[in-house]
2 protein chains.
Amino acid sequence: MAAWVGLVRTERTLLDKVEARLKRGGLPPLAWYQVLNEVEAAPDSRLRQADVQERTRLAQYNVCRLVDRLQRDGLIERRQCRLDGRNNVLCITSKGRALRRSMWPIYAAAIEQHLGSRLTRAEAEQLAALLAKL
Amino acid sequence: MAAWVGLVRTERTLLDKVEARLKRGGLPPLAWYQVLNEVEAAPDSRLRQADVQERTRLAQYNVCRLVDRLQRDGLIERRQCRLDGRNNVLCITSKGRALRRSMWPIYAAAIEQHLGSRLTRAEAEQLAALLAKL
DNA sequence: AAGTTATGCATGCAATTGCATTCAATTGCG
DNA sequence: CGCAATTGAATGCAATTGCATGCATAACTT
């Protein structure tokens, strides 16, 4: 139980801090980064919307609407897949790449401050290993 | 970074599973449990609204509205504090106690299934200790 | 080939959340 | 004391999320 409560509380606390930093920097929420990052990192820089859903653990309709916003802001393009007409294939635009790149330093600094600097490398690895079991 | 990503993903995954279980059992969200639990466990079973805010890590206005809903459903009472008229003191009703009690087995079973059974006692303690450093 | 089921995405509507601000009670200070 | 600053709580409004459902395409079955 202590592990569970710690997990929930710690995650929420750190997440709030990261979001607050991004906001202070005039940047969009972390979810935007996550999507942009997944798409950019995918082979050929294109990724099905359903894959984004799986990787971010967001609900289907939330991915749909988040992509709406990203598209509206010209960060992502939706294309229909030829092989399977049901799929949306997402492509990141150059504007999207630029935004992702500009978010990274802020994001990374927040993680470093709140997590990296509080754990040794061995501890961080241990934590990652324990979390991977869940 | 692996630790951070693992933290966010694991927390979201487990939380979703817990919420899903509660919903399947026709029960309210976990946040309700957390508030009821904090209030009931507090000395004299009364707790200031501001303390709930601090303990749950919810935003001030979200606590306010969550308490609105708990109050509307007769689970919690809001009383004004004599010593400091700004404070709301929350009291749990017998209906609130009953609900908390009925949620506990579902909640506990979900934690056991998704966390308890996947870690040894030593691992869980280790995890809690690492999280406590953050 | 036609009918059934499954999958991926979108959307109307209700509920919740975030933001900015307001209000009231208390504290601190000249 | 009298007044500015602080603290705890509430709220109007916009944005986001959850839910249920709809729609189109593909896969399976016989």
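How many bridges join strand 1 of chain A and strand 3 of chain A, and in which sense do the two strands pair? The first legend below gives the reply for this predicted model.

**View 1. The sheet of chain A.** Strand 1 and strand 3 (residues 88-92) of chain A pair over three bridges, in the antiparallel sense. Within this pair, A:Arg48 lies opposite A:Val89 of strand 3. The open sheet of chain A has three strands in the order 1-3-2, with antiparallel pairing. Strand 1 (46-48) and strand 2 (76-80) of chain A are the edge strands; each has a single partner strand, so one side of each lacks a neighbour in the sheet. From one strand to the next, the twist averages 30°.

**View 2. Helices packed on the sheet of chain A.** Helix 3 of chain A packs on the sheet and touches strand 1 and strand 3 of chain A. The direction of helix 3 makes about 80° with that of strand 1. Helix 4 of chain A also packs on the sheet, where it touches strand 2 and strand 3 of chain A. Between the directions of helix 4 and strand 2 the angle is about 115°.

**View 3. The surface near DNA strand C.** Of the 22 residues around DNA strand C, those that come nearest are A:Gln49, A:Ala50, A:Tyr61, A:Asn88 and B:Gly85. Helix 3 (49-56) and helix 4 of chain A, together with helix 4 of chain B, are the elements that give two or more residues to this surface. By class, the surface near DNA strand C has seven nonpolar, six polar and nine charged residues.

**View 4. The surface near DNA strand D.** A:Gly85, B:Gln49, B:Ala50, B:Tyr61 and B:Asn88 come nearest among the 22 residues around DNA strand D. At least two residues of this surface are supplied by each of helix 4 (60-72) of chain A, helix 3 (49-56) of chain B and helix 4 (60-72) of chain B. The residues near DNA strand D divide into seven nonpolar, six polar and nine charged.

**View 5. Contact between chain A and chain B.** In this view, 30 residues of chain B are in contact with 30 residues of chain A. On the chain B side, helix 1 (2-24), helix 5 (94-114) and helix 6 (121-132) each give two or more residues. Helix 1 of chain B provides the largest share, 13 residues. The chain B side has 18 nonpolar, five polar and seven charged residues.

**View 6. Relation between the two copies.**

Conventions:
Residues numbered from 1 in each chain as written. Chains lettered and ligands numbered in written order. Predicted model: local features only at pLDDT ≥ 70, side-chain atom pairs only at ≥ 80, totals over all residues. Contact = placed C-beta atoms within 7 Å. Helix = DSSP H or I, 4+ residues; strand = E, 2+ residues; numbered from the N terminus. Nonpolar A, V, L, I, M, F, W, Y, C, P; charged D, E, K, R; others polar. Near = placed C-beta within 6 Å. Pairing = 2+ DSSP bridges. Axes fitted to C-alpha atoms, helices over the stretch in contact; angles between N-to-C directions.
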